[in-house]
Amino acid sequence: MKKILITGALGQIGSELTLLMRKIYGADNVVISDIKKEGPAEVIDGGPFEIIDVTDGKRIFEVVKQYQVDHIVHLAALLSAVGESKPNLCWDVNMGGLYNCLEVCREVGTTMFTPSSIAAFGPSTPPDNTPQDTIQRPTTMYGVTKVAGELLCDYYFQRFGVDSRGVRYPGLISYQTLPGGGTTDYAVHIYYDALKHGRYTSFIAEGTKMDMMYMPDALEAVIQLSEADGSQLIHRNAFNITAMSFAPEQLASEIKKHIPSFTLDYDVDPVRQAIADSWPNSLDDSDARAEWGWNPKYDLTAMTSEMLDKLREKLNIK
Ligand code: NAD
Ligand code: AKB
């Protein structure tokens with residue numbers, strides 16, 4: 001990877017991945033793009049930035065040619081809750097954007113990393129220790145685009161030799177950029193509300209377990225899998241990866257160790273609860289560990305301690 005293009009770079013993952021990739025590969029070698037211009041100045045002004053709507057394949061091609069891009073990190077997408085409120089747009093952006101990126105890869109010889117999600121599973125998937133290869137019949141538009149996307153990437157590899165790789169991310173927790181409209185977002189909002197108000201009302205019900213991961217591990221996965229020896233990869237698109245699995249009350253207990261007066265109550269959102277209920281409780285990520293050395297560093301305890309420290313600093317709360 002000499003010249004990288006990131007799509008959807010101003011989102012929760014992209015805004016942090018940009019800074020990490022600039023450190024590793026050099027600021028001039030990381031071209032970032034998004035459909036919007038609003039984002040942290042450090043991200044937008046720290047290297048080349050282009051407006052790209054990923055549903056416009058010609059525009060992706062133009063930027064790839066202009067900067068001689070040889071690796072695309074394709075992040076632009078609508079997430080699960082937004083996807084359920086705008087299913088047509090979710091299909092257009094998630095499938096259209098991916099198809100356009102794969103076509104550019106095929107024409108130019110570019111490689112690609114693009115994430116799938118735990119949303120690629122559905123209610124008929126075995127929910128505990130969910131295997132890498134198993135039933136995938138999701139019941140959300142977001143999930144449908146994620147399964148179809150995994151298959152499309154496999155097709156482009158088998159048919160055209162396009163080297164695209166991906167992981168099935170769980171819910172990602174971070175303190176820099178807020179999540180963009182998913183079901184696992186509660187696990188970020190809870191930290192903000194714990195510090196600001198000492199209480200949180202969860203839209204996800206007690207007892208609902210989902211896989212989660214702290215952002216530094218998620219970013220490490222992009223670098224590690226993109227750099228991995230392709231000949232060792234059996235499952236290119238996409239690997240189960242996880243770092244922890246918890247329900248809201250378990251996260252609350254961990255926060256209470258730092259803020260003893262913290263309280264959690266519930267006002268369950270039926271749409272997001274139905275999505276959460278259709279996803280696994282915990283993934284088996286042994287294939288990622290075996291094929292490219294996946295080994296996350298943060299568990300719930302380490303993540304909570306760092307999240308609260310970093311957010312205290314960010315929000316200027318003693
Ligand atoms: P996000 O919603 O925070 O960011 C997505 C970015 O895409 C936004 O900046 C948005 O402006 C941009 N975008 C939307 N429509 C676009 C278009 N037509 N053209 C160009 N850009 C457009 O999302 P994220 O959390 O950073 O997720 C990135 C990828 O990771 C997605 O594929 C998502 O499905 C996947 N993922 C994320 C999580 C998570 O918890 N964050 C978990 C699993 C998978
Ligand atoms: C969402 O909740 O939609 C995302 C995801 C797990 O894909 N965080």
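Colleague: Is the crossing of α7 and α12 right-handed or left-handed?

Modeller: The crossing of α7 and α12 is right-handed; the term applies if the near helix is turned clockwise from the far one by less than a right angle, and left-handed if anticlockwise. Helices here are DSSP runs (H or I, at least four residues), as are strands (E, at least two), numbered from the N terminus. This is a predicted model, in which local features need pLDDT of at least 70 and side-chain atom pairs pLDDT 80 or more, while totals for chains, interfaces and linings use all residues. Residues are numbered from 1 along each chain as its sequence is written, chains are lettered from A and ligands numbered from 1 in the order written, and side-chain values use heavy atoms, without hydrogens and water.

Colleague: What else describes such a pair?

Modeller: Two packed helices are described by the angle between their axes and the distance between the axes. In this case, the axes of α7 (residues 186-197) and α12 come within 10 Å and cross at roughly 55°. The axes are lines fitted to C-alpha atoms over the stretch in contact, with angles from 0 to 180 degrees between N-to-C directions. Helix α7 is therefore oblique to α12 (under 35 degrees is roughly parallel, over 145 roughly antiparallel, 65 to 115 roughly perpendicular, the rest oblique).

Colleague: Which residues in α7 and α12 meet?

Modeller: From α7, Tyr 191, Tyr 192, Leu 195 and Lys 196 take part. Their partners in α12 include Leu 300, Met 303, Thr 304, Met 307 and Leu 308; contact means heavy atoms within 4.5 Å. By class, the contact of α7 with α12 has nine nonpolar, one polar and three charged residues (Ala, Val, Leu, Ile, Met, Phe, Trp, Tyr, Cys and Pro are nonpolar, Asp, Glu, Lys and Arg charged, the others, Gly among them, polar).

Colleague: How do α9 and α12 pack?

Modeller: Helix α9 (residues 248-256) and α12 (residues 300-315) have axes 10 Å apart and an angle of about 55°, which makes α9 oblique to α12. Their crossing is right-handed. Gln 250, Leu 251, Glu 254 and Ile 255 in α9 face Leu 300, Thr 301 and Thr 304 in α12 as contacts. The residues of this contact divide into three nonpolar, three polar and one charged.

Colleague: At what angle do the axes of α3 and α5 cross?

Modeller: The crossing angle of α3 (residues 57-67) and α5 (residues 87-108) is roughly 40°, and the axes come within 9 Å. Helix α3 is thus oblique to α5, and the crossing of the two is right-handed. Helix α3 contributes Gly 57, Ile 60, Phe 61 and Val 64, whereas α5 contributes Asn 100, Cys 101, Val 104, Glu 107 and Val 108. The contact of α3 with α5 comprises six nonpolar, two polar and one charged residues.

Colleague: Let us turn to the ligands. Which residues surround ligand 2?

Modeller: A residue counts as near a molecule or strand if one of its heavy atoms lies within 4 Å of it. Around ligand 2 are Leu 79, Ser 80, Ser 117, Ile 118, Tyr 142, Gly 182, Thr 183, Thr 184 and Trp 279. An N or O atom in the side chain of Ser 80 is 2.5 Å from an oxygen atom of the ligand; for the side chain of Ser 117 the value is 2.7 Å. A polar side-chain atom of Tyr 142 also lies 2.7 Å from an oxygen atom of ligand 2.

Colleague: How many residues are around ligand 1, and which come nearest?

Modeller: There are 26 residues around ligand 1, and Gln 12, Asp 34, Val 54, Tyr 142 and Lys 146 come nearest. A backbone N or O atom of Val 54 lies 2.9 Å from a nitrogen atom of ligand 1. A polar side-chain atom of Lys 146 is 2.9 Å from an oxygen atom of that ligand.

Colleague: Where in the backbone is there a cis peptide bond?

Modeller: The cis peptide bond joins Asn 237 and Ala 238, with omega about 15°. Ala 238 belongs to the loop between α8 (215-227) and β12 (239-240). Turning to phi, Asn 129 has a positive value of about 55° although it is not a glycine, and Asn 129 lies in the loop between β6 (116-117) and α6 (141-160).

How values were computed
Polar contact = N/O pair within 3.5 Å; in protein donor to acceptor, adjacent residues only side chain to side chain.
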